[in-house]
Amino acid sequence: MHKHLEQPIFKLIGQVADELQRPCFVIGGYVRDIVLCRQSKDIDVVTLGSGIELAEALCKKLGRGAHLSVFRNFGTAQVKYRKGHESWEVEFVGARRESYSRNSRKPIVEDGTLQDDQNRRDFTINALALCLNSDHYGELVDPFDGMGDIEREIIRTPLDPDITFSDDPLRMMRAIRFATQLNFRIYPDTFDAIKRNKERIKIISRERIADELGKIIRADIPSRGFILLDESGLLPFICPELAALKGSETIDGHGHKDNFYHTLTVLDNVALRSRNEWLRWAALFHDIAKPRTKRYDARLGWTFHNHNFIGAKMIPGIFRTMKLPLNEHMKYVQKLVELHMRPIVLAEEEVTDSAVRRLLFDAGNDIDELMLLCEADITSRNAEKVRRYLDNFALVRRKLEEIEEKDRVRNFQPPVGGEEIMEYFALPPSREVGELKSAIKNAILDGIIPNEREAAWQYMLDQAAQMGIEKKV
Ligand code: ATP
Ligand code: MG
């Protein structure tokens, strides 16, 4: 393990600890990430006795460039250091023992041994400690065979999983999140305990759950996390609307696809091509209104009329409950959910210029990501069908470029403004002014006139004449 502790900071912390005659270890996620060769920033150091004292002594030794923050309530301290190219952050804490009461995930905390401190950790792979004192420098303390679990790619609790999860149910989300991020399996005993304790998730704040969901959706293959959420029984507590996508119904021998697994395929398809987290949320929710809009018609079979519009309307409520942000990211997700059928309809029919212009106008700068979502949405197992759709999409994409080059409607600015219209006809703000403006917009989008000022002005005058609006003299 020596080679991973080459940075001078670790030696220095060890020296300061030696001087205070204190055992001292790097512990938890940082050690796990060293073993897994993952990037990791936050270094956690645990010592016997006061972590704050050790941090203070280190700061004194470092002098300029070091900055200390003390959190007395938590008994922790943070040292930030920046000098030249070197820059890092270390959290210091005294080894502790924790005991829980049933109604809270806030434990009663007492001073403890290193072993106590490792016992309170959530998973074996998160309980590894590396000694920093000079006489045992770089020695690994691994009481639960966390190294073996890393090798076997397993998420497992150090102690009785029922107690671990009941004490702090957030750990159930963390288990699924780590399994997703690291592509590990959850140990069967551990997973069964999640199933038994699923209801306990109710005591966890929605913000904490949203943090973990964010980490799941940003992972390389996010579907893994949602499958585990479903299999553990947690999903209905976290997002009942997603859970409702599950299953398929058959009437008169006609079935429809399982929209949960379809959704997850779309999500993974998108994740392969984009790191945009909000595009991924849009993929997750693109068919969210299908259960609500599902009908069976003897002639048409299964239909989901308007599921895109109704889905877009459902987004704010879902975001509010799940404590996802109610800002421009939500608006973006709504917009993509609403528009996700448009390119498909276009690709199915003849690709007319005016339909392409309207799509460009409605999608604006999000057009490329919308196209990506739509291509990801083609999950048929029929290779011939997939190829036909993708070919049509390629045609739509070419048309989009061609039309944008010609007409520039992607960031449409009306070539004639409402103010001008009002001034010219001496009109107050009124229905007529609005009608004239939208007549110009529609004429441009439908290709009746080019997106140019002169043509737009002439068109406006003609329309006004037809509406009986006259210039006052
Ligand atoms: P990441 O930084 O990727 O979120 P991490 O494992 O480092 O993962 P942190 O929240 O940084 O997670 O926590 C650092 C360490 O603290 C963990 O590795 C684990 O040992 C311990 N820990 C964190 N949260 C819990 C918890 N809810 N229950 C028990 N131990 C925890
Ligand atoms: Mg961490």
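Biologist: Hi, which residues are closest to ligand 1?
Modeller: Arg32, Arg121, Asn126, Asp168 and Arg171 are the closest, out of 15 residues that surround the ligand. Keep in mind that this is a predicted model.

Biologist: OK, and how do those 15 split into nonpolar, polar and charged?
Modeller: The shell around ligand 1 has 11 charged residues, three polar ones and one nonpolar.

Biologist: Where does ligand 1 sit?
Modeller: You'll find ligand 1 in the largest pocket. Two elements, α2 (29–35) and α7 (170–182), each give two or more residues to its shell.

Biologist: Which element gives the largest share of that shell?
Modeller: That's α7, with four residues.

Biologist: Let's talk contacts. What does lysine 215 do there?
Modeller: An N or O atom in the lysine 215 side chain is 3.0 Å from an oxygen atom of ligand 1. Aspartate 42 also has a polar side-chain atom 3.4 Å from a ligand oxygen.

Biologist: And which part of aspartate 122 lies 3.3 Å from the ligand nitrogen, backbone or side chain?
Modeller: Backbone: an N or O atom of aspartate 122 there lies 3.3 Å from a nitrogen atom of ligand 1.

Biologist: How much of the ligand's accessible area does the protein cover?
Modeller: On its own, ligand 1 has 570 Å² of accessible area, and the protein covers 77% of that.

Biologist: Switching topic, what are the domains?
Modeller: Domain 1 runs over 2–149 and domain 2 over 418–466. Their C-alpha centres are 69 Å apart.

Methods
Residues numbered from 1 in each chain as written. Chains lettered and ligands numbered in written order. Predicted model: local features only at pLDDT ≥ 70, side-chain atom pairs only at ≥ 80, totals over all residues. Heavy atoms only, no water. Near = heavy atom within 4 Å. Polar contact = N/O pair within 3.5 Å; in protein donor to acceptor, adjacent residues only side chain to side chain. Areas by Shrake-Rupley, 256 points an atom, 1.4 Å probe, with all protein chains shown as cover. 1 Å grid on protein atoms, 1.4 Å probe; cavity = no way out; pocket = protein on both sides within 12 Å on 5 of 7 lines; lining within 4 Å. Sits in = over half its atoms within 2 Å of the grid points. Nonpolar A, V, L, I, M, F, W, Y, C, P; charged D, E, K, R; others polar. Domains from an automatic or database assignment.
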